[in-house]
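Dear colleague,

I am passing on the structure below, and my notes on it follow directly after. Please read them with the coordinates open beside you.

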Amino acid sequence: MKEDLKGKTTKALVWSSADKVGQQVFYLVAGIILARQLSPTDYGKVGVLTIFIALSGILIDSGFSSALIRKKGATQADYSTVFYLNIAISCLLYALLYAAAPFIAAFFNVPDLTLICRVLFLVIPMNALSLIQQTLLFKHFKLSVNARVNLWALGLASVAAVVMAYCGMGVWSLVTQTLGLAVLRALFFWTFNDWRPQWVFRMASLREFFGYSSNLVVSGIINNVFNKIYPIIIGKFYGMTQTGYYTQADKYQDIASALIGNIFRSVAFPVFSTVQDDLQRLKRICRKNVRAIAFFIFPIMLLMVVVSYPLILLVLKAQWLPSVPYFRLLCLSGICSPFIILFYDLFNSLGYSRLNLQLEIGKKAYLFIGIALFYSTGIMYLIGWWVSYSVLSLVASIFFARRFIGYGYGEYLKDILPYLLLALAAAVISAIVYLLLPGDVWRLCVVPVVYAAVYLGSVCVLKLEMWREMASMLKARMQKGGEE
């Protein structure tokens, strides 16, 4: 059983990595091309609307996807019931947002937002069409199909967006990328997945899931409102151009942070749910995930802080340089994000969805205080408060991990400190090299190589666990390839 789960986990992690890395590569390449063709105002117009799509996704899912993954004996009737509920809620939400579009445009004093809203929000029913297919793939660790669908859909949608940008379509290029991705994903999931809903709707299924899922819904709403509220505040008080700078800075730091967080999340929750009754084993798996995240997140985010100026100047052009200070601070917040997500899924797998709700209420109360204090003081103050909020969220998560699986601050620090200290040392050395180099091109080309050499060389010399794990996986892969 253990070996079977380990094998499934490893295979799922490989496919999840391929999926997330591939998506981020597409987003990065397309994003660079689009950012060089479009204005910060174009990005601001789409950025202020992301909160509505995010909230709709939470309401449509209603926490039932997690409940279906967690339930070991979920039936076809369960899946069909949730599917029909998803579709009904998504259509209702789209109708409400369609009617609200003129009021959203008036709030931001941007008249053309009305049509943008009505087209962009079609993403909502499109996403609802494929939720159950994705849930089944995650539940049974069949992430290869999920990866192929995501990559093909995103690739085609990104190509269409780039073509439109070069044709002078402006903000509609971004709308096409987002909506095209949703439409193509729904089409591909229905084409390449054989699950189909039955003509059945069981209220008993909804009642069974409601106690668990209702906490997730409220928690998700609170989390998404505050996670996406900064573009709204900046858009209202500082204008669409500053919103564009902020959303671009957040997007590019999130490429690395979300990549690492989502790779582990797509595997961690199903695995945690499988071993939820064995707390010692659950703790070992959690600690291994923490070490793996630390191995990747610290060096990547700190390196981006060091090279932030030449990165944005040379990749996105000088018009985006005002986003550099935002980017640096958000990278510090991004370090915490994958760990917070991991603990969130840990608590859900144990059935403590109500705890996650209570945590979100407490954390968002803290965030609200900062927003009330600094909304008119400056964007940097708002982002600084967000960094402190991220650190507080991680501290609170570890506190409860100690209560439930005996994983406290001491063991957490023991797991992450080797990687954090080596990443900081590499950052200091790289910063010195950065100052000695003559120009931005040299800095962007040489500094990452120096950073990687220092960090990976130190990890190798010290023979830290994640280096041994990677060497073992590579050796096994090579032996398998040789046998074939």
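H2 and H10 cross in a right-handed sense, where a crossing is right-handed if the near helix is turned clockwise from the far one by less than a right angle, and left-handed if anticlockwise. Helix H2 covers residues 40-47 and helix H10 covers residues 171-192, and the two pack at an angle of about 40° with their axes 8 Å apart. Axes here are lines fitted to C-alpha atoms, for helices over the stretch in contact, and angles run from 0 to 180 degrees between N-to-C directions. That angle makes H2 oblique to H10, given that angles under 35 degrees count as roughly parallel, over 145 as roughly antiparallel, 65 to 115 as roughly perpendicular and the rest as oblique. On the H2 side the meeting residues are Asp42, Tyr43, Lys45 and Val46, and on the H10 side they are Val171, Leu174 and Val175, with contact meaning heavy atoms within 4.5 Å. By class, the residues of this contact of H2 with H10 are 5 nonpolar, no polar and 2 charged; Ala, Val, Leu, Ile, Met, Phe, Trp, Tyr, Cys and Pro count as nonpolar, Asp, Glu, Lys and Arg as charged, and the others, Gly among them, as polar.

Before going further, the provenance: this is a predicted model, in which local features need pLDDT of at least 70 and side-chain atom pairs count only at pLDDT 80 or more, while totals for chains, interfaces and linings use all residues. Residues are numbered from 1 along each chain as its sequence is written, and side-chain values use heavy atoms, with hydrogens and water left out.

H2 is mostly covered, since 7 of its 8 residues are buried, namely Pro40, Asp42, Tyr43, Gly44, Lys45, Val46 and Gly47. Buried means under 20% relative accessible area, exposed over 50%, and partly exposed in between (1.4 Å probe, protein chains only). In H10, by contrast, Val183 is partly exposed, with a relative accessible area of 36%, and its C-alpha atom is separated by 9.3 Å from that of Leu129, 54 residues apart along the chain.

For the protein as a whole, the secondary structure comes to 21 helices and 0 strands, where helices (H or I, at least four residues) and strands (E, at least two) are DSSP runs numbered from the N terminus. Buried residues make up 54% of the 484 residues, and of the contacts with a separation of 6 or more, 83% are between residues 24 or more positions apart.

H14 passes H19 in a right-handed crossing, and the residues of their contact divide into 16 nonpolar, 1 polar and 6 charged.

The largest nonpolar core has 123 residues, of which Phe339, Phe343 and Leu346 touch the most other members; such a core is a set of buried Ala, Val, Leu, Ile, Met, Phe, Trp, Tyr and Cys residues joined through side-chain atoms within 4.5 Å. H14 gives the most to this core, with 15 residues. Leaving aside neighbours within four places in sequence, Phe339 is in contact with Val290, Ile293, Ala294, Ile297, Phe298, Leu394, Tyr412 and Ile416. Apart from that core lies another, of 9 residues, including Val149, Leu154, Ala157 and Leu184.

Some individual positions may also be worth a look. Ile234, in helix H12 (residues 229-238), counts as buried at 1% relative accessibility, and, not counting residues up to four places away in sequence, Ile234 touches Gly239, Gln242, Thr243, Tyr246 and Ile379. Its C-alpha atom and that of Val48, 186 residues apart along the chain, are separated by 8.8 Å. Leu115, in helix H6 (residues 113-120), is exposed, with a relative accessible area of 51%.

Asn109 sits in the loop between helix H5 (76-108) and H6 and counts as exposed at 67% relative accessibility, while Lys463 sits in the loop between helix H20 (440-462) and helix H21 (465-483) and counts as exposed at 55%.

Best regards
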